[in-house]
Amino acid sequence: MLGFITIRPHQLLSLLRPGLWISRLSGLCAQPRPRPMANSSSSWELPLVAVCQVTSTPDKQQNFKTCAELVREAARLGACLAFLPEAFDYIARDTAESLHLSEPLSGNLLGEYTQLARECGIWLSLGGFHERGQDWEQTQKIYNCHVLLNSKGSIVATYRKTHLCDIEIPGQEPMRESNSTLPGPSLESPVSTPAGKIGLAVCYDMRFPELSLALAQAGAEILTYPSAFGSVTGPAHWEPVSS
């Protein structure tokens with residue numbers, strides 16, 4: 001599973017295995033912040049961000065433990081914001097299990113992440129949460145929700161994925177995200193964070209340039225596409241985008 005951010009439309013930052021990846025943002029994306037540096041004539045340093053890479057399982061608590069370790073390490077290293085991938089909460093064995101494990105934003109699992117953000121004093125981009133919305137009882141379908149938390153643990157933005165991944169791959173079972181997931185109703189305005197102004201998207205959204213253009217025109221300095229592509233669909237997206 002891949003988690004990544006783009007710092008500029010043409011520059012892709014990605015991590016290909018579980019772990020923590022740290023980067024300082026380009027000066028074109030965020031204002032530098034003052035920080036004492038003993039051996040330098042300059043007192044300005046760019047914001048530090050972390051990309052946390054995990055391999056999710058159906059065990060939500062084990063996944064949280066893994067993510068929490070990476071977030072705490074990011075905070076210890078001085079990151080102001082940590083990015084978690086799509087399906088950071090879990091990846092189920094089948095659709096029925098995925099729906100069964102889903103929770104509302106007011107549920108216990110997101111509560112643990114809000115506490116984690118507060119404890120570490122770090123912003124969190126939760127790249128794709130299996131959300132039971134207010135229409136769950138009527139639809140029995142969920143949303144693929146990108147949640148942004150500030151360092152006090154408050155939800156400052158939610159974006160529900162608008163482009164669902166319904167594709168057919170030769171030799172494999174068809175992928176029909178729309179069988180269990182509802183498309184989000186709208187885009188989320190870019191959000192000001194300590195790392196810059198962030199535009200929220202999810203995974204398959206990257207196939208639709210109008211979305212990124214709309215976010216950029218609205219002032220986004222960083223475009224995010226947290227993803228859980230598979231072994232076939234991953235290269236089909238990352239290689240063209242990063243070339």
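Reader: How many aromatic pairs does the count come to?

Author: The count comes to four aromatic pairs. The model is a predicted one.

Reader: What makes the pair of F88 and Y113 edge-to-face?

Author: Two values decide the matter. The ring centres of F88 and Y113 are 5.1 Å apart, and rings pair if their centres lie within 6.5 Å. The planes stand at 85 degrees, and planes over 60 degrees apart count as edge-to-face. Therefore F88 and Y113 are an edge-to-face pair.

Reader: Which parts of the chain does this pair tie together?

Author: F88 is in the loop between β7 and α2 (95–101), while Y113 is in helix α3 (residues 108–120). These parts are 25 residues apart in sequence.

Reader: Are F88 and Y113 buried or exposed?

Author: Buried means under 20% relative accessible area. F88 has 0% and Y113 has 1%, so F88 is buried and Y113 is buried. Ring pairs also link F64, F88, Y113 and F129 into a cluster.

Reader: Why is R76 with E73 called a salt bridge?

Author: The rule asks for a side-chain nitrogen of Lys or Arg within 4 Å of a carboxyl oxygen of Asp or Glu. For R76 and E73 the N to O distance is 2.8 Å, so the pair meets the rule. R76 and E73 are three residues apart in helix α1 (residues 60–76), about one helical turn.

Reader: Why is R76 called exposed but E73 partly exposed?

Author: Exposed means over 50% relative accessible area, and partly exposed lies between that and the 20% limit for buried. R76 has 59%, so R76 is exposed. E73 has 29%, so E73 is partly exposed.

Reader: How do you know that K161 and E86 form a salt bridge?

Author: The N to O distance between the side chains of K161 and E86 is 3.8 Å, and the cut-off is 4 Å, so the pair counts. This pair links distant parts of the chain: K161 is in the loop between β10 (155–160) and β11 (166–167), and E86 is in strand β7 (residues 81–86), 75 residues apart. K161 has a relative accessibility of 2% and E86 has a relative accessible area of 8%; with the limit at 20%, both are buried.

Reader: What makes E131 and R160 a salt bridge, and which strands hold them?

Author: Their side chains meet at 2.8 Å, N to O, within the 4 Å cut-off. E131 lies in strand β8 (residues 123–131) and R160 in strand β10, so the pair ties together parts 29 residues apart in sequence. E131 is buried because its relative accessibility is 5%, under the 20% limit.

Reader: How do you know that the charged end of R160 sits over the ring of Y143?

Author: The distance from the charged end of R160 to the centre of the ring is 5.9 Å, and the limit is 6 Å. The charge must also be within 35 degrees of the ring normal; R160 is listed as sitting over the ring of Y143.

Reader: What makes strand β9 mostly covered?

Author: In β9 (residues 143–149), seven of its seven residues are buried. Y143, C145, V147 and L149 are on one side, with N144, H146 and L148 on the other.

Reader: How do you know that β9 pairs with β8 and with β10?

Author: Two strands pair if there are at least two bridges between them. Six bridges join β8 to β9, and five join β9 to β10. Both pairings run antiparallel.

How values were computed
Residues numbered from 1 in each chain as written. Predicted model: local features only at pLDDT ≥ 70, side-chain atom pairs only at ≥ 80, totals over all residues. Heavy atoms only, no water. Helix = DSSP H or I, 4+ residues; strand = E, 2+ residues; numbered from the N terminus. Buried < 20%, exposed > 50% of the residue type's maximum accessible area, 1.4 Å probe, protein only. Phe/Tyr/Trp six-rings, centres within 6.5 Å; stacked < 30°, edge-to-face > 60°.
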